Each structure stands twice: as structure tokens, then as C-alpha cells.
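Hi there,

Here is the structure I promised to send over. Have a look at it first, and then read on for my notes.

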Amino acid sequence: GRLKCGITPHPRENEDLRQIYFLLTYACNKACPYCIEPNVHSGKYITEKAFVAGMQLAHNLDMNTLYLHGGEPTVHPNVVSFAQLAKDDGFHVNMFTNGIRMDMLRQLDGIVDEIRFSYEPGLEFMFQNQAEWKSRVKLYIMATTDSYPTEESLMEVVDHALELGMGCKVRTLNPVNPYAY
């Protein structure tokens, strides 16, 4: 029989919470100090067989959204074909990225529904004009008092992203548990 994930969509939610995250790889082309993945840089990759089995499990659990995640998902050699498999299988496909492999992101444009850039100060290349993308592009900002000492400094980044038509989400670290948002 078909299992249910137990999450019932609510009309006031701003996104469908029936989501599953696929850790495509532990490999990453960056070293973010706030990374929550403890095995990052171990270089392991998910196989196509495991990816397909995971998609079947996600369907059995009534999941609608599949996230391509990592490490850095764009360093997986099959990220484009995996995204296409998930899209063809009926999933809403999103991904988190550090944005360094812009060539790969352009290949994923239109296959992936939403590309979420993990933004930190100084990475101006992540500011993308939404009009130049088929996929929805969003900045995910990790806000700390070191990186944004004032509300105004944070709002400058948010306003710039919004002017370009990008979505924007701001997160902070939990001072008690540095691995929690």
C-alpha cells in the first residue's frame, strides 16, 4: 500500500512541506564556515540506482518536492540527468547551491523549478536577474552580526535581490546549537 508522509498541506503555508532532500554528494568546491554537513569534502556520490530508489520511496510517502542537495550538488557528474529524471517523474525540483558552477546551473535552468543560492557577503555573482532565468532564483542569506552588523546592511542585500526579481530568505544561526538555523 501507499504510505503517507503525515504532512497535510495547509492553505496558509507558503510552500508545500511534502519535501524530500537528496544528498547527491558530500563533495564541495567551497568551505563555508557555517556548513551543517559534517561529512562535507568526503567526496562520496549517490548512484543512479540509489537516486531512482529514493524517488520511488518519495512517491510512496506522497512527497511532491525533491531537493538536490549536498555538499554541493553541481559537482555531482550526473546532476543534470538526475534533475531531469526527477522532473520527468513528476516532482517539483529545487536545489541549494553555492553558485560557483554557473555553467552547470545554466544547464539546469528550466529543468529545476527553483535554484536557491546560499549567499554570503562579497559573492556578488549570485545576484541574478530573474528575467534571464526560466527557473525561479532565490538568495538564501545566512545573517550573523559579523556579516551584517546593522539591519540596514542586511536590507541593502535583500533590496538588491528583490530589485532583480529574485526571491529572498534570511536565516540566522542558533547561538546554542551552531548546526541549527
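In these notes, buried means under 20% relative accessible area, exposed means over 50%, and partly exposed is anything in between (1.4 Å probe, protein chains only). By that rule Phe 117, at 0% relative accessibility, counts as buried.

Before going further, please keep in mind that this is a predicted model, in which local features need pLDDT of at least 70 and side-chain atom pairs count only at pLDDT 80 or more, while totals for chains, interfaces and linings use all residues. Residues are numbered from 1 along each chain as its sequence is written, and side-chain values use heavy atoms, with hydrogens and water left out.

Now the aromatic rings. Rings of Phe, Tyr and Trp (its six-membered ring) pair if their centres lie within 6.5 Å; planes under 30 degrees apart count as stacked, over 60 as edge-to-face and the rest as tilted. By this rule there are eight aromatic pairs. One of them joins Tyr 21 and Phe 96: the ring centres are 6.4 Å apart and the planes are at 15°, so this pair is stacked. Tyr 21 belongs to strand E1 (residues 19-25) and Phe 96 to strand E3 (residues 92-97), so the pair ties together parts that are 75 residues apart in sequence. Helices (H or I, at least four residues) and strands (E, at least two) are DSSP runs here, numbered from the N terminus. Tyr 21 is partly exposed at 43% relative accessibility, whereas Phe 96 is buried at 14%. Together with Tyr 67 and Tyr 140, Tyr 21 and Phe 96 form one aromatic cluster.

Phe 117 comes back in another pair, with Trp 133: this one is edge-to-face, with 6.5 Å centre to centre and 80° between the planes. Phe 117 lies in strand E4 (residues 114-119) and Trp 133 in the loop between E4 and strand E5 (136-143), so the pair ties together parts that are 16 residues apart in sequence. Trp 133 is buried too, with a relative accessible area of 6%.

Finally, the strands. Two of them pair if DSSP finds at least two bridges between them. E1 and E2 pair in the parallel sense over six bridges, with Gln 19 opposite Thr 65 in E2. E2 and E3 also pair in the parallel sense, over four bridges, and here Leu 68 stands opposite Met 95 in E3. Strand E2 (residues 65-70) is mostly covered, with five of its six residues buried.

Best wishes
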